[in-house]
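Student: I am new to this structure. Could we go through some of the terms used for it and check each against its definition?

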Amino acid sequence: MIRQSRRAVLLATVCLAVAAAARAGEGSGTLAFDELYGKVGVLGLSFSDKLRALKGQTVRMKGFMAPPLKAEAKFFVLTKRPMALCPFCSSDADWPADIVVVYLDRAQTFEQANALIEVTGTLEVGSWTDPETGFVSQVRIVGARFDRV
Amino acid sequence: MARLAIRNLVARFPGLDQPALDVPAFDLDAGARIALRGPSGSGKTTFLNMLTGLARVPEGHVTWDGIDLATLGEGARDRWRAANVGLVMQDFHLFPGLSALENVLLPRRLRWRGAEKGAREEALGLLRRTGVPRPDQPVETLSRGQSQRVAVARALLGRPAILVADEPTASLDAEAGAAVGALLTDLARETGATLVVATHDPELIERIGRVAHLTAGRLAA
Amino acid sequence: MLRFILADLRRAWPGALAIALIIAFATALGITVTLQERALRLGSARAADAFDLVIGAPASETQLVLSSVFLQPAPLPLMPGAVMGELAADPRVAWAAPIGFGDAHEGWPVVGTTGALIDGLGGIAKGQGFARLGDAVVGARVPMAPGDTFHPVHAELAAEGEVHQGTTYTVRGVLSPTGSPWDRAILVPIEAVWQSHGMEAGHDKEGDARHHEGALDADQPVNPAAVAAPNAPGVPAIVVRGHTIADAYNLRQHYRGDRSVAVFPAEVLTRLYGTLGDARSVLSAVAIAAQALVAAAVLLVALLHVTQRQRQIGALRAFGASRGVIFLIVWGEVALIAAAGVAAGIGLGWLAARLISARIEAASGVAMPVEFAASDLGLVLGLLAAAGACALIPAAIAYRQSPAAALRG
Ligand SMILES: Nc1ncnc2c1ncn2[C@@H]1O[C@H](COP(=O)(O)OP(=O)(O)O)[C@@H](O)[C@H]1O
Ligand SMILES: [Mg+2]
């Protein structure tokens, strides 16, 4: 009996360690929509220092899931405000300042449109064209997972 | 060959003022045979439990060939018993659903390393020797006398150095009892095992030859 | 060791089978809920894949999507014909196709549209598209072949058997399978629908078609410009694909107004999935509760069984069996039955979901993908782990009696 309970303790310790490892990313950078870009110059938007510093790192971001264009998709648009509004209509610029594209590991359906969510994933910065959809984006969170908050 | 030395063995049960067993000293030579006689409740089973490591030795020493059972833990006693002791009880403790042969082999098979090579042949030989006609007969169809013969065969498998029987003939009729008693003593002699039998059966006591009396937990030769 | 387990199971097989079956049913319940919900979600999502944006007259967005994507018959208000012309000229639009419902042929909906939608749905598998007003293209599940002819019926009047006597269509092509309700549709040029309902360009946009029944000139060539004409008749819905994703969002915004409403079918479905998810949560809770109950019942039976055999097991130890092996045997026996039950339950659950999905598929045309996902592995492993953990209890109980006590009898 004693040996058994010792084994149980060991198992629990391993579980905790794994869980801790899985959460290790969570201490990393939190990013807000206001922090994405620096001063608006003559040349339009420029990425902020913070954004550049966090490039390639695990980041967390809160925002609203825009209504998805495809019911089953590998990506969605994260916006600053809930989307009765259009994420691409606010400015004439090609790329609005208050959106981030979130790419997931696998295509899935969504239930959280217009809900406040928190996304965790690796930050990518710079122009990139999605070969599948032709979607050109500037700021992305890839390998992401998300939860309603 | 197994030689027994008991020193200052005392066993108490909660609720009893007197110890159930109090044996200051008791020795048996290797290959010795002894009958243990005493009224019901005198401590025969308790004594056998101490001898075979079925129960923990609470006080004193029970030493077989230099191994003191009092110093062994539960698992170690189980392993020691499996290697050295053959047991025959008043009830046969056979597993229904298995054949006579399978019952003889079962305790050996239920070990990490399984039954030894040749165990099957040995078991068949023992069943023949104990007079069980059909080794593949399901045990639930055996008579009481036959069941006890299977139990004796099981106890002898692997030629244990110690053979212990607790009232082996008590649940049998006279004829079957005589046959089982004869088997036990004959086989113990053949294999040179040290034999300890708790019994009231005068015929069996006579057959064994040497008797110790147990009264209220105290032994008298 | 295994032989002992098998001998024991053989002896007690009716009980073991009953327990395995109960476990199988409890498992199947959870598996079916999971698979079926996923099939509904993925099936409807994939069925809507060709429809990025749907524009209709301001009314229920949900109804607009159900009618256009899932061809659920319902009267939709008409949009001014000019909207189509505007879309055709919009640089953000890759293609736009009007759809007009209302007719049917032997239960297959007859939908008026243009060649753009045929391409958008995946194109023609056999034959060719529209060239003349009397041409038709059928969905993959419609039992008609190029060369067949038919007279459509006005759907609302189908019961009265009113046939557009003057209207005869000839099937020219068969659509590639789409896994959507459009596999059950018959596509005809929208101009033909207008003509046969007496809704020629420029007059009587919303008139009652019955009184203006016109004859269809089947040999008149299809004229794509007629659809985009500013004075074209009204249509209930227009399917639009934008050049880029940003275009799609912009178009959605631009066409939400007094005149029209624009909606991504995906957003309606996503709302639906929220509800479906809630339903799944409830059903899953029920399934888990059932599984817990079954686990408790199984545990009880296992305990009774083992308690009955405690003496035998203790005796085996006395006669030289190893304690660990006996523990493993009792555990293995219970775990084996449970694992067999879980495995059978997975198969059973899959089968049940397949049967349910086949019925839905036959009725709606929506292909239902019954498939396992990586996350199901977690569910199954969880169930097995729970079963394994539960099996520890009888095994530990079997362990409890000392061999001396077992022999005392
Ligand atoms: N587990 C036990 N708990 C309490 N008392 C016991 C226990 N086992 C035996 N006894 C008591 O110890 C005494 C000796 O019992 P036992 O060795 O079984 O006698 P015998 O086998 O000679 O009939 C009896 O009084 C019996 O009631
Ligand atoms: Mg006794």
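Student: What makes β6(B) and β7(B) a pair of strands?

Tutor: This is a predicted model, and in it β6(B) and β7(B), residues 162–166, are joined by four bridges in the parallel sense. Pairing needs at least two bridges, so the two strands qualify.

Student: What makes B:Lys44 and B:Glu167 a salt bridge?

Tutor: The closest N and O atoms of B:Lys44 and B:Glu167 are 3.9 Å apart. The rule asks for a side-chain nitrogen of Lys or Arg within 4 Å of a carboxyl oxygen of Asp or Glu, so the pair passes. Over all chains, the search finds 34 salt bridges.

Student: Why is this pair said to tie parts of the chain together?

Tutor: B:Lys44 is in helix α1 of chain B, while B:Glu167 is in the loop between β7 and α6 (174–191), so the pair links parts that are 123 residues apart in sequence.

Student: How do you know that C:Arg317 and B:Glu74 form a salt bridge?

Tutor: Their side chains meet at 3.2 Å, N to O. The limit is 4 Å, so this pair also counts. Between chain B and chain C the rule finds two salt bridges, and there are seven residue pairs in polar contact.

Student: Which element gives the most to the side of chain B that touches chain C?

Tutor: α2(B) does, with five residues. By class, that side has twelve nonpolar, four polar and eight charged residues.

Student: How much area do chain B and chain C bury between them?

Tutor: They bury about 2,300 Å², and carbon and sulfur atoms give 64% of it. B:Phe95, B:Leu110 and B:Trp112 supply 29% of the area that chain B buries against chain C, more than any other three residues.

Student: What makes C:Asp52 and A:Lys70 a salt bridge?

Tutor: The side chains of C:Asp52 and A:Lys70 meet at 2.7 Å, N to O. With a limit of 4 Å, the pair therefore qualifies. Across the interface of chain C and chain A the rule finds four salt bridges.

Student: How much area is buried between chain C and chain A?

Tutor: The area is about 2,200 Å², with 62% from carbon and sulfur atoms. C:Ile245, C:Tyr249 and C:Thr270 supply 32% of what chain C buries against chain A, more than any other three residues.

Conventions. Residues are numbered from 1 along each chain as its sequence is written. Chains are lettered from A and ligands numbered from 1 in the order in which they are written. This is a predicted model: local features need pLDDT of at least 70, side-chain atom pairs count only at pLDDT 80 or more; totals for chains, interfaces and linings use all residues. Side-chain values use heavy atoms; hydrogens and water are left out. Helices (H or I, at least four residues) and strands (E, at least two) are DSSP runs, numbered from the N terminus. Buried area is the accessible area (1.4 Å probe) that two parts lose on being put together, summed over both. A polar contact is a pair of N or O atoms within 3.5 Å; within protein, one must be able to donate a hydrogen and the other to accept it, and residues adjacent in sequence count only if both atoms are side-chain atoms. Ala, Val, Leu, Ile, Met, Phe, Trp, Tyr, Cys and Pro count as nonpolar, Asp, Glu, Lys and Arg as charged, and the others, Gly among them, as polar.
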